[in-house]
Amino acid sequence: MKLDIETFSSRYTVRPLSERDIPAMLALCRGNRLYYQYYGDQPTPENLRADLTALPPDTTPEDKHFVGFYQDNRLIALLDLIAGYPAQDTAYIGWFILDCTLQGRGLGTAMISELLSALKPAGFRAVRLAYVQNNPQSARFWQKNGFVPSGSPVDTAPRTLQAAERRL
């Protein structure tokens with residue numbers, strides 16, 4: 001399924017991220033200390049570079065949409081979305097992180113709501129993701145946005161991940 005990333009938000013500019021964006025990505029990530037406390041690894045230019053191209057099995061670079069959300073030319077959120085994974089009618093959120101100075105205001109929820117609204121007419125019937133199980137902030141955010149835990153948690157040391165899904 002073909003996705004137009006411009007439909008991901010009516011409020012923010014959305015564009016693909018590349019290696020030239022790594023300094024801004026790193027600054028945004030380093031500001032999210034609580035996330036990385038639970039995640040177990042710290043952000044580095046090297047692991048962000050790897051994230052830009054990392055793919056799950058049986059997917060192609062055309063399936064991956066690693067994008068940034070910008071407000072007044074400032075990167076405020078990152079999204080890694082894989083179209084057609086793990087099933088053709090499913091989108092997978094590999095990562096969503098919002099600038100920590102903007103959290104708690106409903107902006108992340110609004111962004112996810114718009115994203116889900118863009119995915120449904122594109123033919124997707126579900127969205128899946130996994131969050132760090134013992135991170136209460138992540139669990140609350142995804143559950144508040146209608147994602148329901150599915151399956152047993154998976155240990156991927158140094159973290160345990162909980163899969164979740166939302167039907168569209």
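# A short tour of helices, cysteines and loops

Cys29 is buried, with a relative accessible area of 0%. Keep in mind as you look around that this is a predicted model.

**The cysteines**

- How many disulfides does a search of the whole structure find? The search finds 0.
- Cys29 takes part in no disulfide, and the nearest cysteine sulfur, which belongs to Cys100, is 11 Å away.
- Is Cys100 buried, partly exposed or exposed? Cys100 has a relative accessible area of 34%, so it counts as partly exposed.

**Helix H1 with helix H3**

- Two packed helices are described by the angle between their axes and the distance between the axes.
- Helix H1 covers residues 22-30 and helix H3 covers residues 45-53; their axes come within 10 Å and cross at roughly 110 degrees.
- H1 is therefore roughly perpendicular to H3, since angles of 65 to 115 degrees fall in that class.
- H1 passes H3 in a right-handed crossing.
- On the H1 side, the contact is made by Ile22, Met25, Leu26 and Cys29, and on the H3 side by Pro45, Leu48, Arg49 and Leu52.
- Sorted by kind, the residues of this contact are 7 nonpolar, no polar and 1 charged.
- Here you meet Cys29 again: it is one of the H1 residues in the contact with H3.

**Helix H4 with helix H5**

- Helix H4 (residues 107-119) packs against helix H5 (residues 136-144) at an angle of about 45 degrees, and their axes are 10 Å apart.
- That angle makes H4 oblique to H5.
- The crossing of H4 past H5 is right-handed.
- Gly108, Thr109 and Ile112 of H4 meet Phe141, Trp142 and Lys144 of H5 in this contact.
- The residues of the contact between H4 and H5 divide into 3 nonpolar, 2 polar and 1 charged.

**A buried aspartate in a loop**

- Where is Asp99? Asp99 sits in the loop between strand S4 (90-98) and H4.
- Asp99 is buried, with a relative accessible area of 10%.
- Which residues does Asp99 contact, leaving aside its neighbours within four places in sequence? They are Leu28, Asn32, Arg74, Leu75 and Ile76.

**Backbone details in the loops**

- Most residues other than glycine have a negative phi, and most peptide bonds are trans.
- The peptide bond from Tyr85 to Pro86 is cis, and its omega is near 0 degrees.
- Pro86 belongs to the loop between strand S3 (74-83) and S4, and at 42% relative accessibility it counts as partly exposed.
- Pro86 and Tyr36 are 50 residues apart in sequence, and their C-alpha atoms are 26 Å apart in space.
- Ala157 and Pro158 are also joined by a cis peptide bond, with omega about 15 degrees.
- Pro158 lies in the loop between strand S7 (154-156) and strand S8 (159-167).
- Asp58 is not a glycine, yet its phi is positive, near 60 degrees.
- Asp58 is found in the loop between H3 and strand S2 (64-71), and at 84% relative accessibility it is exposed.
- Asp72 also has a positive phi, about 50 degrees, although it is not a glycine.
- Asp72 is placed in the loop between S2 and S3 and is exposed, with a relative accessible area of 74%.

Notes. Residues numbered from 1 in each chain as written. Predicted model: local features only at pLDDT ≥ 70, side-chain atom pairs only at ≥ 80, totals over all residues. Heavy atoms only, no water. Disulfide = S-S within 2.5 Å. Buried < 20%, exposed > 50% of the residue type's maximum accessible area, 1.4 Å probe, protein only. Axes fitted to C-alpha atoms, helices over the stretch in contact; angles between N-to-C directions. Helix = DSSP H or I, 4+ residues; strand = E, 2+ residues; numbered from the N terminus. Parallel < 35°, antiparallel > 145°, perpendicular 65-115°, else oblique. Left-handed = near helix turned anticlockwise from the far one by under 90°. Contact = heavy atoms within 4.5 Å. Nonpolar A, V, L, I, M, F, W, Y, C, P; charged D, E, K, R; others polar.
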